[in-house]
Amino acid sequence: MLKRVHFPTSLLPYLLVAPQVIITLIFFIWPASQAVYQSFLIEDAFGMSTEFVWFENFTYLATDEQYLGSFGRTIFFSVCVAFLSMSAALILAGFADRIVRGATTYRTLLIWPYAVAPVLAGALWVFMFNPTLGIFPYILEFIGVDWNHYLNGNQAMALVIFAAAWKQIAYNFLFYLAAMQSIPRSLIEAAAIDGAGPVRRFWDHIFPLISPTTFFLLVINAVYAFFDTFGIIHAVTQGGPANATTILVYKVYNDGFVGLDLGGSAAQSVILMFLVIAMTVVQFRYVERKVEY
Amino acid sequence: MIENRPVLNIASHAVLIIGIVIVALPIWITFVAATHDPVRMTQAPIPMLPGGHFWENFTQTLFGGGLSGTESAPVWRMLLNSLMMALMISFGKIAISLLSAFAIVYFKFPFRMGFFWLIFITLMLPVEVRILPTFEVVADLGMLNSYWGLSIPLIASATATFMFRQVFLTIPDEMLESARIDGAGPLRFFWDILIPLSRTNIAALFVILFIYGWNQYLWPLLITTETDMTTIVMSIKQMLEAAEQSPQWNIIMMTALLAMIPPVFVVVAMQRLFVQGLTETDK
């Protein structure tokens, strides 16, 4: 942690950490504590008076069907996004790992969606699936599917899942490919000599060996789907139709900034903070274990 | 190559090419839409091959007033705002993280671990979970509609501090000993030895942070109300709303294209640094 050889105590280290600490206090700690404080308050409709109500906002959320529904949808959304993008990335990385020539070209062509902003990804997908103009509704009509994500909640959910998963493939691909390339070749060669074919080698050797990466990516994808997909939802569906795509982060924004329900929004923020803390703890515990092994 | 299986090799290439086509399809459609005139873009099915109006759309989008019938800043202005925000965030994060990592690794002072944990906590407080109170703080400080308001609240960084801490810990102690024998003070040592030694890490981090800064959406959406301060990424959403009345998909998609070119260029051009940065900051 600390260097064995270090500089003597003086005022200097305080000056060095000052910018980071001041910004952290003003823009992180203070607002977060405000969120916790506000989550214990109820403000009347005109903002004239506030009342300290302890955990009433939380107990209200625990029984609020809209909130519980949003919680369930967020979990469904995250599971779908993680599964779709991780399995697509796993398949692509598995094949890219086999290829000797041209592997870097494939990598270049596959990684750049990482750089596309979530809201832009949403815009591209909403254009492709535009009910009157888009290319996919046009094709889907031939097989008898009437696509309109402005009216059909399931289709709206599918669309945001596609857009979110598409953007995350690049990231998962990079980590899977790196993990597969770090497996010693001799191991795979030994399996081949023992008569294991490519499919057998993948499931019995490669896949178990990269399981730490799979676990790491699960956490990262969950965090991504929970918190970084606001732009996609906002651009594609705005939580609709009829709240079918209102995930938790979107609901915090909507209740706070649009609905001006400060106490309720703050209580939701506090719950989200606990979720982030839990995910960070899981992620760090995993990193520690990985260092050991 | 473990064994020679020509069929499987061909299949591998085929799967990868299909993967690339799927990944690239949205961008291709965007590009195609940006090369047609507005009339063609209102007829279903939309074209799949580029048309001849690229430069026309390009100049109209970049220097014109954006969508007709809406109040918005010209696109070049939004690109400039995005660039300023991305650069301020990435340089700001790197600068304050280098300084605090230096203090934590090379000095022994009271509350050292306290500061370390304080910085660590920021990891657990993404902007999405504390939007309302952070907005109030920025409003009280009078930082709405300014570059400072866009960037300063986002530049505290636990991951960057951790990364530099890791880097500094791998630098041999003899470096510091010999620097001190030669009479270098802490700042001299920091500037002449630590910074040059962590140059590639700084560059790798810069690539990641530039993309992070450029792609910010929720934060600029909250704190900019003047059209002069909007960023390019934000403007897409406003254009999509306007498109419900008067669809001008050629302009919207050209704007989307302009918004994604800088970060995509950074990723592709600095691929090695990008991969390094990605794997370093997330572990």
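A residue counts as buried if 20 or more other C-beta atoms lie within 10 Å of its own, as exposed if 12 or fewer do, and as partly exposed in between. Keep that rule at hand for this tour of a predicted model.

**Stop 1**

Select A:Asn243. This residue sits in the loop between H11 and H12 of chain A. A:Asn243 has 16 other C-beta atoms within 10 Å, so it is partly exposed. Now check its backbone. Phi of A:Asn243 is positive, near 65°, and the residue is not a glycine. Most residues other than glycine have a negative phi.

Select A:Ala242 next. A:Ala242 lies in the loop between helix H11 (230-236) and H12 of chain A. Is A:Ala242 buried or exposed? A:Ala242 counts as exposed, because it has 10 C-beta neighbours inside 10 Å. Its phi is positive too, about 50°, although A:Ala242 is not a glycine.

**Stop 2: helix H12**

Select residues 248-258 of chain A. This is helix H12, and eight of its 11 residues are buried, so the helix is largely enclosed by the rest of the structure. Colour the buried ones: A:Leu248, A:Val249, A:Tyr250, A:Lys251, A:Val252, A:Tyr253, A:Asp255 and A:Gly256. Then step past the end of the helix. A:Leu260 follows H12(A), and its phi is positive, near 55°.

**Stop 3: A:Ile271**

Move to helix H13 (residues 262-292) of chain A and pick A:Ile271 there. A:Ile271 has 18 C-beta neighbours inside 10 Å, so it counts as partly exposed.

**Stop 4**

Show helix H3 (residues 65-98) and helix H10 (residues 211-227) of chain A. Their axes are 9 Å apart, at an angle of about 130°. The helices are therefore oblique to each other. Their crossing is right-handed.

Which residues of H3(A) meet H10(A)? On the H3(A) side, select A:Thr74, A:Phe77, A:Ser78, A:Val81, A:Ala82, A:Ser85 and A:Met86. On the H10(A) side, select A:Leu217, A:Leu218, A:Asn221, A:Ala222, A:Ala225 and A:Phe226. By class, this contact has nine nonpolar, four polar and no charged residues.

**Stop 5: chain A against chain B**

Finish with both chains in view. Their contact takes 84 residues from chain A and 78 residues from chain B. Helix H1 (residues 12-38) of chain A gives the largest share of chain A's side, 18 residues. By class, that side has 67 nonpolar, 13 polar and four charged residues.

Terms used. Residues numbered from 1 in each chain as written. Chains lettered and ligands numbered in written order. Predicted model: local features only at pLDDT ≥ 70, side-chain atom pairs only at ≥ 80, totals over all residues. Axes fitted to C-alpha atoms, helices over the stretch in contact; angles between N-to-C directions. Helix = DSSP H or I, 4+ residues; strand = E, 2+ residues; numbered from the N terminus. Parallel < 35°, antiparallel > 145°, perpendicular 65-115°, else oblique. Left-handed = near helix turned anticlockwise from the far one by under 90°. Contact = placed C-beta atoms within 7 Å. Nonpolar A, V, L, I, M, F, W, Y, C, P; charged D, E, K, R; others polar.
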